[in-house]
Each structure stands twice: as structure tokens, then as C-alpha cells.
Amino acid sequence: MALREGTEQRAASFQQTPARRSHLSTFSSSFDEFGPPYADLPMEILVKIFTYLSPSDRREASQTCRRWCEASHHTAFLENFWLVLHRQPFDVNVPPVRDLLHSFRHFPNIQLSEVDFERIGNFFTHFGPHIQRITFQACEIQERDMVAILRCLPALRSLTIGSCRDLFMCVRLFDDAAEREKLRQTLASVSELALTHIQYLSDGILHRIVDIMPSLRVLNLAGCHISFHQGLYRKFYPGDGKQPSESVLTFHYISRLIDERKESLRALDFSETLVDDNALEVLAAMSPALRLERLELNRCEQLSNRGLGTLITAHANNLQYLNLSKTYRLTDACLLQICRELSELRVLKMRECRALSNQGVQELGQLTSLQVLDISYCKEITGAGILAGIASKPNCTLKELRIRALNLCEQSIIAVAKNLSALRVLDLGYCFHAVSDLCVQFVIRELVHLEELDLENCGKLSDEGLTGLGMLPKIARHEQGTQSDPASRGGDHEDGEPNQPDGEMQHPPEPEPPQVAAPHMRISLRSRAEQEIVEDAERKKQLLEAMQRKDNLQSARNESRSSFSGYYIGRLQQLCVLNLTGCNGLTDVTLMCNFSMVDLRKLCLARCQQISFDGIRAMVQGCPAIEQLDLSECHNINDRAVEQVVIHLRRLRTLSLRRCYQLTDFSLDHIACYGLQLRELDVRGCKHMCADPAMRLVNRPLLTTILAGKQDEPGNGAFDSAFTIMPTPPPLPPPPRLSMRF
């Protein structure tokens with residue numbers, strides 16, 4: 001009886017009254033089967049949410065619905081939004097220009113590369129009032145079309161024209177005075193002008209172009225044929241020399257233009273020209289009226305300490321950006337002057353300045369405002385200079401450090417990791433003997449805010465360095481041996497158990513995997529290469545077994561990341577670019593052990609020849625946002641691995657499979673089915689593919705660049721930057737081996 005009464009009461013409680021039905025209908029109307037209607041949020045809230053997303057994530061979110069698409073193209077995000085047309089005919093009657101005219105969005109930045117202008121129509125009349133930056137690179141365009149385009153750009157702030165040969169072959173370019181006056185009013189807001197690598201640029205043309213831009217602050221003449229010889233100036237300027245020459249481009253006339261605009265000019269770029277010490281002394285004499293904040297002199301081989309020292313002294317209070325890369329005659333004396341006088345310098349690039357040594361690098365600590373430093377390929381700089389300079393004390397200002405191909409030591413890299421806690425970019429490529437597993441462990445532990453990490457051709461790096469398996473005792477022994485001060489570490493890093501997420505309960509340390517006993521001395525008939533292959537396979541087997549044992553011990557825990565004794569690469573959750581090219585000691589273990597970075601956009605695994613299907617399958621699931629993937633010369637990659645890549649990496653735009661000898665036409669079929677966003681594909685050297693892969697990929701209209709060919713030629717193609725081979729330095733003395741060979 002009591003049971004029946006309780007059942008009746010419960011049944012009555014579930015009966016829906018009219019008020020309850022009204023309430024439930026209202027509640028259900030605000031939720032559909034997919035959850036609450038987030039598209040109905042106010043636009044201000046959507047825009048605020050989208051500010052926390054990267055451009056790539058905003059692009060993906062914009063495909064959800066029309067309202068999210070409108071939010072992703074809000075004016076708050078358009079400053080860095082570029083429309084790029086590459087190798088396309090510019091004709092308003094032909095796609096893609098015809099289709100763009102029906103677009104509801106605006107394009108504040110436009111880049112036109114190798115475009116043949118045929119009919120511009122009303123394209124720039126429609127979009128011109130919103131264009132702020134425009135670039136013409138190697139385009140076939142005539143004066144009439146250029147003038148018509150510039151007339152429609154009243155909001156233009158930056159104009160770049162590079163390698164447009166046909167345009168500047170017109171000697172009387174912008175010669176109409178009435179037309180120049182109209183353009184002068186239209187282009188009153190232009191502050192940046194770049195005329196790069198133009199063979200036929202003359203003083204007269206430069207004068208007329210600068211004349212229509214009254215608010216110029218930045219002048220870039222990189223790669224132009226500028227004459228710095230006074231004799232040539234006297235030849236082409238007989239008499240009073242007031243009228244600019246139409247035959248030659250001289251620094252004498254450029255200096256006159258700079259002198260006329262010295263009150264407003266703030267940046268100059270004479271990279272890849274024959275600028276000499278006398279020219280820099282002329283610029284120094286214009287101070288203090290000329291207040292340069294940015295100066296680029298990349299690959300100016302005629303410069304020496306005399307001219308640059310004079311310019312530095314004249315602009316010591318203003319210079320913030322200085323690029324002296326490949327200026328081979330600069331010595332430590334110049335670097336010492338930079339460190340002592342340019343107190344406000346924020347960016348310093350001295351890449352491939354061969355005469356620099358530790359004597360100058362030791363003084364870099366004086367630049368307290370420095371944010372970007374590039375001293376790559378300076379062969380005389382060693383780890384001692386780094387230890388005595390930028391890594392000698394804590395520095396929370398430096399954001400980007402490139403020390404590629406230097407003769408560093410292990411201790412110098414560890415000091416960089418400990419003292420430069422604010423680093424966002426770290427380039428250690430080609431540091432053959434310095435980058436070890438221990439160094440990488442300190443980098444992962446200390447530099448948790450890294451966004452770009454380059455470890456190209458670091459041959460000593462193995463799975464232990466990126467997974468942390470068995471590395472904790474080595475870290476402890478190193479810190480005990482050096483007696484380092486714990487207070488010298490960055491304040492953003494914990495000293496607790498590694499690989500523990502924030503706020504997670506600390507667990508007792510796991511037992512280390514048993515160490516394999518050293519083999520007895522024996523005679524081996526294997527070659528050295530064969531022995532290394534066997535040792536790598538045995539080491540990979542041991543790591544997989546150790547990882548399996550630890551996973552079994554941690555099976556009762558919810559967080560699998562705590563199963564490693566060291567620091568795993570997945571700790572760097574802000575990492576966007578990771579270059580592991582040529583790290584042949586890496587195996588599938590690295591990709592299978594928590595290789596999970598949701599923000600990773602570019603991954604290079606070229607010449608990692610032990611990577612196979614198992615590692616690729618784990619990698620694509622842990623890094624779904626990859627847009628550029630390089631698997632060149634990974635000889636164990638097969639068609640199944642390519643299938644996993646194109647299925648799971650929905651944002652993939654660039655894929656390099658160069659010299660992957662196991663791939664067949666099935667890989668092309670997988671790409672044709674699933675590579676929806678792919679733009680560039682490199683399959684050179686894939687011997688088992690058909691001669692014309694483009695025929696199998698005709699249903700992928702976005703795939704515009706396909707590099708094919710069974711006979712691969714080095715140094716030809718869009719992906720060759722990842723395969724640059726540098727001479728290997730003399731190897732270190734090998735450790736004593738336990739095996740005897742004949």
C-alpha cells in the first residue's frame with residue numbers, strides 16, 4: 001500500500017501543468033539539438049570572443065555560420081587580412097577577379113605577385129577606398145593601369161613595387177604635371193614607399209614618385225642599382241645639375257631627396273646595394289634634423305667600421321632597429337660601439353658577420369631594451385661569449401634569439417634557457433655538438449612560452465630529449481654538479497614534479513626503467529652504419545617497453561601526462577613552429593608520447609628516417625591545427641601514413657613528400673579525396689608515382705602548386721629552404737666502444 005501511494009505521488013509529480021509546459025517550451029526554444037544558439041549572441045560579444053583566437057582559428061570558425069563569418073571579418077581583425085593573387089590574370093570578366101567583385105567583404109591589404117593586368121574594370125573603384133597597403137611584385141603592368149589604380153586609393157598608407165620591369169622601362173613615368181597634382185592629393189596619407197630590385201629606376205622617376213607622396217616616413221630602395229661614384233654623377237649632371245637624370249640612379253640625388261624630407265623620414269633601407277662609408281657619413285651629417293629610428297643595411301659589403309660608427313654616433317638617441325646582416329667587414333669594434341651608444345636599440349641583426357667574436361658578443365648585456373637578436377652563422381662566436389654576454393644574468397626583455405650554426409657548448413644553451421625566460425623564438429639549428437637531450441629538457445622546462453623552436457640538424461637529439469623518459473636523474477645530477485642557484489630560474493616555472501599539470505596532486509616519483517647492462521667485449525663483423533642501425537632499433541624497442549610499463553603503472557590515474565619522469569615537448573602549449581629537420585635520432589616514440597600541441601601550425605620532420613606510420617597516426621591526432629607539414633626523405637612513410645595525414649589535418653595547406661620512396665598513386669588518391677584545403681604539394685623523387693600527378697588531382701582547384709618528377713634536382717622548388725645542406729664540422733672524438741671490429 002505504501003509502495004503504491006509513493007508510486008502515485010511520483011507519477012503525479014511528473015504530470016505537466018499548463019504553466020510547466022509553457023516554461024519547458026520556452027526553455028527548449030532557446031536550445032536545439034546542438035546546444036544553445038551561440039550565433040544569436042550580440043556582435044560585440046562575438047567579436048570579443050574572437051579576439052582570443054588566432055587568425056587560423058578565426059578562419060575555421062567563420063565557416064560555422066553566416067553570423068560567425070561576419071564576426072570574423074569585423075574591422076577589428078582586418079588590419080592583417082591580406083588578399084593574395086599569385087600568377088593570375090587580372091581580368092574583371094574572368095575568375096577569380098570576377099567572383100571577388102561579388103564579395104561582401106573589404107580587403108585592406110592586397111598583394112599581387114606575377115599578375116598580368118588585362119582589364120582592371122571597376123575593381124579598384126569598388127574596393128579602393130578601403131585599401132591601406134598594396135604590393136606589386138614582378139607584375140606586368142603599364143603606366144596607364146598604374147595611374148588608374150592609384151587614383152582609386154585615397155586611404156593608401158603603404159605602396160610596394162618590386163621587380164616590375166615593364167613599368168619602369170617607360171622613361172617618362174608620371175611625367176604629366178596635372179596628373180601628379182591629382183595623385184598628390186589622393187596619396188596624401190602614404191607614409192611607406194618601397195621600390196625594390198628595380199633595374200631601370202632613375203633619379204627622374206624617383207623624384208616624380210616621391211613628389212606625389214608628401215607624408216613619406218619610410219623609404220626602401222633595397223636591391224636597386226644605385227651609383228655611389230662621384231665621377232658618374234658628374235657625367236650625367238653637367239652644368240648646374242638641378243634637373244634629375246632620366247638615365248641613372250645616384251646616391252648624390254637620393255641624398256638631396258632625403259635632405260628635403262629629413263624632418264619626416266624615420267626609416268631607410270639600402271640593403272643589397274653598394275652603399276659605402278662616405279654615403280653613411282653624408283646621412284650622419286643630416287643629424288639632428290634627420291632622426292632615423294630604423295636602418296637596414298643587409299648585404300652591404302662595402303661598409304666598414306668607419307662609416308657605420310659615424311652614423312651610430314649621430315643617431316644614437318633614436319635608432320631602435322638595425323639590420324647589418326652579411327656585412328662582412330664589420331668587426332668587434334663596431335659591435336662594442338653599438339652596445340655602448342645605442343641604449344634604446346630593440347632589434348639587432350648581425351647574421352653572417354664573420355669577423356665578430358666573443359669579445360664583442362660579451363658586451364650585448366648592455367642592451368637592456370633589446371627584444372630581437374640574430375647572430376647566426378658567426379663562426380668565431382662560441383659558447384663562452386654567450387655565457388659572458390646575454391646569458392650571464394636574468395633577462396625578461398629579449399623575445400627572439402637566433403644563434404644558429406654557432407660553436408656553442410651544452411652549458412651555454414642551459415644558461416640561455418634559465419636566464420632568458422621571456423623568449424618566444426629560439427633558433428638552435430645546426431648546433432651539432434651542443435644541443436643534447438639534457439639541453440632540450442632545460443628548454444622545455446624553463447621556456448614554456450615558446451612559440452617557435454628550431455632544432456634543425458641537431459644530430460645528438462634523441463627521443464629522451466623530447467619525451468623526458470629517464471631524464472629526471474640526469475637533470476638532478478647536472479644541477480647538483482653545477483651547484484646552480486634555484487632563484488635564478490624564471491618565476492613562471494614550477495620546481496615540482498615534471499609533466500604535472502597546474503593544480504594536480506603530486507604523486508610519488510615512478511621507478512625508472514631498468515638500465516640495460518653494458519655488453520661484454522665481442523667481435524662484430526658489422527660495418528659502422530649497420531651497427532648504428534641495430535643500436536637505434538634496440539634503443540627504440542627499449543623506450544617503447546619502458547613507456548608501456550609506465551603506462552601500466554599509471555593506468556589508475558586520469559592524467560596520462562604524469563607517466564614520464566622528465567619534461568615532454570607537449571608542455572610547450574603555445575608552440576606554433578617546430579623544426580626537427582635532420583634529427584635522425586628521433587623515432588615514433590617521440591610522436592607517440594604526448595606529442596600534443598593544439599596551436600602547432602608548422603612541423604618539419606624532413607630526414608627523420610625512423611618515423612613511420614605509427615608515429616604519424618599519433619601525431620595527426622595530437623596536432624590537428626597543422627597547416628604546413630614536411631615529411632621529405634622519411635623513407636618509412638607509406639600510403640597509409642599519407643591517408644592519416646590528409647584525413648585528420650583538415651587545415652593542411654602545404655605538404656612535402658619529397659623522396660618518400662614507398663609512396664604510390666594511392667597517396668595521390670587519398671589527397672584527391674580528403675585534401676580539401678591543400679595549396680602546395682611536393683612529390684619530387686617519389687619513384688613509384690605516375691609521371692603527371694596533376695592528372696589525378698584535377699578535382700582539387702585550390703591545389704595550385706604541384707612539384708613532381710622522378711628525377712629530383714636539388715636547389716629547385718618552393719620547399720628547398722627546408723633541405724639546405726651545410727658542411728658538417730669536424731666530429732668530436734668518439735667515446736670508447738665496447739665492441740671490436742675488423
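Mentor: By class, the lining of the second largest pocket has 17 nonpolar residues, 14 polar and eight charged (Ala, Val, Leu, Ile, Met, Phe, Trp, Tyr, Cys and Pro count as nonpolar, Asp, Glu, Lys and Arg as charged, the others, Gly among them, as polar). Mind that this is a predicted model, where local features need pLDDT of at least 70 and side-chain atom pairs 80 or more, while totals for chains, interfaces and linings use all residues. Residues are numbered from 1 along each chain, and side-chain values use heavy atoms, without hydrogens or water.

The pocket's volume is about 1900 Å³ (the space filled by probe spheres set on grid points joined across faces, edges and corners; a pocket is an open set of points on a 1 Å grid over the protein atoms alone, where a 1.4 Å probe fits, with protein on both sides within 12 Å along at least five of seven lines, and lining residues have an atom within 4 Å of a point). Of its 39 lining residues, Arg 59, Trp 82, Val 84, Arg 653 and Arg 679 are the closest to the centre. Helices H4 (55-61) and H5 (66-72) and strands E1 (82-86) and E23 (705-707) each give two or more residues to that lining (DSSP runs numbered from the N terminus, helices being H or I of at least four residues, strands E of at least two). E1 gives the most, with five.

As for the helix pair, H13 (residues 251-260) passes H14 (residues 277-285) in a right-handed crossing (the near helix is turned clockwise from the far one by less than a right angle).

Methods: Axes fitted to C-alpha atoms, helices over the stretch in contact; angles between N-to-C directions.
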